[in-house]
Amino acid sequence: MSGRPIAELNDGLLTFHRELLSDQMAMQRVEVAVMTFGPVTLVNDFRTPDQFTPPHLSAGGDTPMGAAIIEGLNLIETRKTTYRQAGVAYFRPWVFLITDGSPTDPWEEAARRVREGDSAERKAFSFFAVGVEGADMAKLAAICSPDRPPLKLKGLSFRELFSWLSSSLGGVARSRPGETVALPPPGWSSV
């Protein structure tokens, strides 16, 4: 992802941050981590919105998506363990994968873990895959849970995606852990 798409993605992250900062409940209950791949890099470990600084992302290199997914899921498990050890209730974590490509590394183990963890039985996390123009949607569908297929970003609607995300997270933040929250339809996606 380069040129205008990466610029729009960076603008979307700024929108996400601004909107989270304007929601008092989200400020207290939402934590954000950012990981990039190509190579796999933890850019921001989990931080509340007031401590989170949206990174300026750039593109380059391969797309080791399988390794990035596994690393991200490991990061979430570590965070959940920290909460459990402290006796703190938590909401089901959300994982957002945004790509305009296809994995350039083995991805089958990552897909197994996603399908196992984002299942009606386990509910360990919610995994959302978003394909930007050029993304291998068939490969993303093979990675995602059948209950949560990948969505294709409509044009360069990153701001709309991140606005939806911050609004949805705010709704979850106002609920209780374990409570089901209806999410608004993702107007930023296309079929």
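Colleague: Which residues is phenylalanine 158 in contact with, leaving aside its neighbours within four places in sequence?

Modeller: Phenylalanine 158 touches Met1, Pro5, Glu8, Leu9, Gly12, Ile98, Val132 and Leu153. Contact means heavy atoms within 4.5 Å. Bear in mind that this is a predicted model: local features need pLDDT of at least 70, side-chain atom pairs count only at pLDDT 80 or more, and totals for chains, interfaces and linings use all residues. Residues are numbered from 1 along each chain as its sequence is written, and side-chain values use heavy atoms, with hydrogens and water left out.

Colleague: Why does asparagine 44 count as buried?

Modeller: Asparagine 44 has 7% relative accessibility, so it counts as buried. The definition asks for under 20% relative accessible area, while exposed means over 50% and partly exposed is in between (1.4 Å probe, protein chains only). Asparagine 44 is found in strand β2, residues 41–47. Leaving aside neighbours within four places in sequence, asparagine 44 is in contact with Ala33, Val34, Phe52, Thr53 and Pro55.

Colleague: What does the side chain of asparagine 44 make a polar contact with?

Modeller: Its partner is the side chain of arginine 47, at 2.5 Å. A polar contact is a pair of N or O atoms within 3.5 Å; within protein, one must be able to donate a hydrogen and the other to accept it, and residues adjacent in sequence count only if both atoms are side-chain atoms.

Colleague: Which class, buried, exposed or partly exposed, does lysine 123 fall into?

Modeller: Lysine 123 has a relative accessible area of 46%, so it is partly exposed. Lysine 123 is in the loop between α4 (108–117) and β4. Lysine 123 has a positive phi of about 50°, although it is not a glycine.

Colleague: What span should the 16 residues of α6 have at 1.5 Å a residue?

Modeller: They should span 22 Å, and the end C-alpha atoms of α6 are 22 Å apart, so the two agree. The expected span is 1.5 Å times one less than the number of residues. Helices (H or I, at least four residues) and strands (E, at least two) are DSSP runs, numbered from the N terminus. For α1, the 18 residues should span 26 Å, and its end C-alpha atoms are 26 Å apart, which also agrees.

Colleague: Which element gives the most residues to the largest nonpolar core?

Modeller: That core has 25 residues, and those with the most contacts inside it are Leu9, Ile98, Phe158 and Phe162. Helix α6 gives the most, with seven residues. Apart from this core lies another, of 20 residues, among them Met65, Ile69, Leu97 and Ala124. A nonpolar core is a set of buried Ala, Val, Leu, Ile, Met, Phe, Trp, Tyr and Cys residues joined through side-chain atoms within 4.5 Å.

Colleague: How many bridges do β5 and β6 pair over?

Modeller: Strand β5 (residues 151–153) and β6 pair over two bridges, in the antiparallel sense. The definition asks DSSP to find at least two bridges between two strands, so this counts as a pair.

Colleague: In what order do the strands of the open sheet lie?

Modeller: The order is β3-β4-β5-β6, with mixed pairing. Strands β3 (94–99) and β6 (189–190) are called edge strands, as each pairs on one side only.
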